Amino acid sequence: QVQLVESGGGLVQPGGSLRLSCAASGSMYSISRMGWYRQGPGKERELVAVISGGNPSYADSVKGRFTVSRDNAKNMVYLQMNMLKPEDTAVYYCYAYRYGINYWGKGTLVTVSA
């Protein structure tokens, strides 16, 4: 079993930065990839960033602004978000894949507004 708990969401000004953290509990063994999804108002859930085998991938909308990283020793995954835009407003969900099963945390709200 994998449990994921996000933190770091909140209200930020356009152009500002936030760093989201995700703490994983249970077994980290065989977790092949971790990352972040988000769901904005009236939108479908979309993949934001994922890291697999140390290699990150990003949605085109966040490429160059967001950075995903993973610390296996601490059982943590992070999302550093820079140059935030109002369209980044969403609930952000931590994601993990293990033994063919997808896991998500309960989400943390990020609101980008002046």
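I began at M81 and found that, leaving aside residues up to four places away in sequence, M81 touches G16, S17, L18, L20, R65, F66, Y92 and V110, where a contact means heavy atoms within 4.5 Å.

I note that this is a predicted model, in which local features need pLDDT of at least 70 and side-chain atom pairs count only at pLDDT 80 or more, while totals for chains, interfaces and linings use all residues. Numbering runs from 1 along each chain as its sequence is written, and side-chain values use heavy atoms, with hydrogens and water left out.

I then looked up the largest nonpolar core, which has 28 residues, and M81 is listed with L4, W36, L79 and Y92 as having the most contacts inside it. Such a core is a set of buried Ala, Val, Leu, Ile, Met, Phe, Trp, Tyr and Cys residues joined through side-chain atoms within 4.5 Å, buried being under 20% relative accessible area with a 1.4 Å probe, protein chains only. Among the elements that give two or more residues to this core are β1 (2-7), β4 (31-39), β8 (76-81) and β9 (90-98).

For the chain as a whole, I found zero helices and eleven strands, the helices being DSSP runs of H or I with at least four residues and the strands runs of E with at least two. Buried residues make up 41% of the 114 residues, and of the contacts with a separation of 6 or more, 54% join residues 24 or more positions apart.

Finally, I noted that the C-alpha atoms fill a box of roughly 40 × 25 × 25 Å along the principal axes.

Terms used:
Buried < 20%, exposed > 50% of the residue type's maximum accessible area, 1.4 Å probe, protein only.
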